[in-house]
Amino acid sequence: MIPSKASAQDYHSENLCTWCDGCGNYGIHSAIKRALIELGLKPYQVLLCFDVGCHGNMSDKLLGYRFHGLHGRVISLASGAALANPDVPVIALSGDGGCFSEGIGHLVHAMRSNYNMTFILHNNSNYGLTTGQASALTPRGEQMNTSPLGTVEDPLNSMDFIFSLNPTFVARGFSGNIRQLTDIIKAAVNHQGFSYVDILQGCPTYNKFATHEYLLGKCYDVKDANHDTSDFNQARKIATDTSEKISTGVLYQAKGIPHFLERLEARKGVETRLVDEVSEINMEDYFKKFM
Ligand SMILES: Cc1ncc(C[n+]2csc(CCOP(=O)(O)OP(=O)(O)O)c2C)c(N)n1
């Protein structure tokens, strides 16, 4: 029998959405589903790992293998899964609070290790689920629920930081451009190595500074500017300079760089997966030494 193609129905969940009206997560949800379908992946052929946050509630709105872990820790659990079974594409999703405030160390080490996985940042520039706290990406001076007189800390320049980590794939999308976002996510999943995808999203309840309308007016597609995605310096420049316009699309891709498993001498020429090698071990004799 010829297996049927992946369809929207395969991923459909009857659970109701808990996101606010106008939340950018609706657009990201649509783009992820479309990308997986266009990649020909059925829900059992991909692992989706969610952090805690508004975006993490997508875990209830998609069928398939999902892991909804601790806040700030999604990259570590997703990289473990990617190392254990490289046959299954792994996608990790997090908010900017989880990734850049709480779990930033995991991002650094996953990138320098070049684990073969996709990371999707739901960038609403605040902690949405805990009702509008400032995150490391909230612009200085913004009045948030935790800083009614305005934040006093400088935000991280996240894209400059990402480029300082010697990335092999960097993209930026916008939740209001679902077609482009679908193509970005497909390219990220197909990339061999760590793919970093920053998605700017509206948060109509708590983010009053980078609204959906603002982003619509500022974002442009780098394809329209004939951008060369292999040019590291140019990519870094257009990624970090958002004063006039915000570049979106695949900004940088280095092909042919070995990922973590390919660099491991001990795994070279080994046909089995780590998951195949897990077996029951009788510890009785070992414990006798301590009795
Ligand atoms: C270890 C831990 N720290 C803090 C929290 C509380 N908490 C839950 S969601 C959240 C903020 C989420 O913000 P973000 O990661 O930006 O995601 P968003 O809700 O904006 O999608 C926080 C601080 C938690 N659940 N666990």
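Two residues are in contact if their C-beta atoms, placed from the backbone, lie within 7 Å. The structure here is a predicted model, in which local features need pLDDT of at least 70 and side-chain atom pairs count only at pLDDT 80 or more, while totals for chains, interfaces and linings use all residues. Residues are numbered from 1 along each chain as its sequence is written. Helices (H or I, at least four residues) and strands (E, at least two) are DSSP runs, numbered from the N terminus.

**Helix H2**
- The 14 residues of helix H2 (residues 25-38) should span 20 Å at 1.5 Å a residue, and this agrees with its end C-alpha atoms, which are 20 Å apart; the expected span is 1.5 Å times one less than the number of residues.
- Among the buried residues of H2 are Ile28, Ala31, Ile32 and Leu36, where buried means that 20 or more other C-beta atoms lie within 10 Å of the residue's own, with C-beta atoms placed from the backbone.
- The cover over the buried residues of H2 includes helix H1 (8-11), strand E4 (117-123), helix H7 (178-190) and strand E8 (194-200).
- After H2 comes Gly40, which has a positive phi, near 75 degrees.

**The sheet**
- An open sheet with mixed pairing is formed by eight strands in the order E2-E1-E3-E4-E8-E7-E10-E9, and two strands pair if DSSP finds at least two bridges between them.
- Strand E2 (65-68) and strand E9 (219-221) are the edge strands, each pairing on one side only.
- Strand E1 (residues 47-50) and strand E3 (residues 90-95) run parallel and are joined by four bridges, and Leu48 stands opposite Ile91 in E3.

Key
A residue is buried if 20 or more other C-beta atoms lie within 10 Å of its own, exposed if 12 or fewer, and partly exposed in between; C-beta atoms are placed from the backbone.
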